[in-house]
Each structure stands twice: as C-alpha cells, then as structure tokens.
Amino acid sequence: LPGLYRQIEDRFSALPGATGDSWVLLSTEDGLIVGGSDLRLIRDDGRVDMIERERLLFRSALRLRRDPNRIVACTGPGLVRVYRQEQGRWRFEAGLSQVRASLYPLFEDQAGWLWATRNHIDVVRLDWREGVRLDATLEVVGPAHGLPDPNRDPARLSLFLIDGAAEVSSP
C-alpha cells in the first residue's frame, strides 16, 4: 500500500495519517510535514494537522533556513505557496503570483537565493537575499552563467546544495 513506513527496531510500521504518494518530507521539531495530494503535519504523538486540504499535488518543499517559521512549497501544476508557522500551527500565508512553474527540488543557499529546476530542464532562482519576497520573479540561470544551453542540449539537469552553494550536474 502507498504510504510512509517508520522503522521501529527491526520492523517497519505504517505511519498513520501518511497514506498515498508522498513527494515532500520535512522534519520539524514537532513532527513530519508530508506533501502529496495535500500538505499535512504528522505530529510525534500521531495527531495529524492539515496544513493544506486542497488537492494541489505537492512536489517539493523547503523550510527556510533563514526564516524557519516559513515553508515554501511547490505543486505539480506550478503554484508556489508560502506557509507560516504561528502559535504552533502551519497556515497558508500567500502564493507567489509572479511564478507559475513546477519547481523541484528546492534549495536555499547561504546567501538566501532560492534555487530550483524547472522540470529538470532549466535551473532557476528567486532572489530572497533580503527575505521572503512575494513579488519575486524567476531568474533563469543558464548559458550566460556557464551552464549548458537547454535549447542545444536538452539533458536533464540535477541540482544539489553542497556546503551552502548550488551545484548542477548534467549527464
């Protein structure tokens, strides 16, 4: 059955509240945030808090290093949404109206840039060095920055964060 399974000693047990596909797993001090069709927090005591009930098909998420009370999450249809933790609960704060792209994976570098790939074809980033900007637009990081031209070489790009800096791999 699709879902999450937690190891307890030498066996695995299904994690209650985590059924179906899970593309997003974020550990927090009070549990595990799981994203799939919806976004939920499975608390350590087993209670489930729905963060986003709407079936948005979450594909990636990131808890901001410089603002840990915020999560940035991206859906398959290309919505980028910001959630804020207030009084022990995660709530929708706002969507990024200028960004409509399926972004995965998501990384925040040391300087505060938010990095992603657009369907593993383009490397893109948002300038959040001065904090979360809901009006931010995507900047394509491509041939002008030393990366392969996706129009000439349509290889899948993989994005990693190593020692706080973005690294890109192209097969």
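These are my notebook entries on one predicted protein model.

**Ground rules.** I number residues from 1 along each chain as its sequence is written, and I use heavy atoms for side-chain values, leaving out hydrogens and water.

**Overall form.** I looked up the secondary structure and found zero helices and 16 strands. Helices (H or I, at least four residues) and strands (E, at least two) are DSSP runs, numbered from the N terminus. The radius of gyration is 17 Å, close to the 16 Å of the globule rule for 171 residues, so the protein is as compact as a globular protein of that length. That radius is taken over C-alpha atoms, and the rule is 2.2 Å times the number of residues to the power 0.38. The C-alpha trace spans about 50 × 35 × 30 Å along its principal axes.

**Burial.** I noted that 43% of the 171 residues are buried. Buried means under 20% relative accessible area, exposed over 50%, and partly exposed in between (1.4 Å probe, protein chains only).

**Cores.** I then looked for nonpolar cores, each a set of buried Ala, Val, Leu, Ile, Met, Phe, Trp, Tyr and Cys residues joined through side-chain atoms within 4.5 Å. The largest has 17 residues, and V72, V80, L96, L103, L114, L126 and W128 touch the most other members. Among the elements giving it two or more residues are β8 (70-75) and β9 (79-86). A second, separate core of 13 residues includes V24, I33, I51 and A73.

**Strands β5 and β6.** I found that β5 (residues 39-43) pairs with β6 in the antiparallel sense over four bridges; two strands pair if DSSP finds at least two bridges between them. L41 has D49 of β6 as its bridge partner. Four residues lie between the strands of this hairpin, where G46 takes a positive phi near 95°. Four of the five residues of β6 (residues 48-52) are buried, so this strand is largely enclosed by the rest of the structure.

**R81.** Is R81 buried or exposed? R81, in strand β9, is buried, with a relative accessible area of 13%. Its side chain makes a polar contact with the side chain of E52 (2.6 Å). A polar contact is a pair of N or O atoms within 3.5 Å; within protein, one must be able to donate a hydrogen and the other to accept it, and residues adjacent in sequence count only if both atoms are side-chain atoms.

Methods:
This is a predicted model: local features need pLDDT of at least 70, side-chain atom pairs count only at pLDDT 80 or more; totals for chains, interfaces and linings use all residues.
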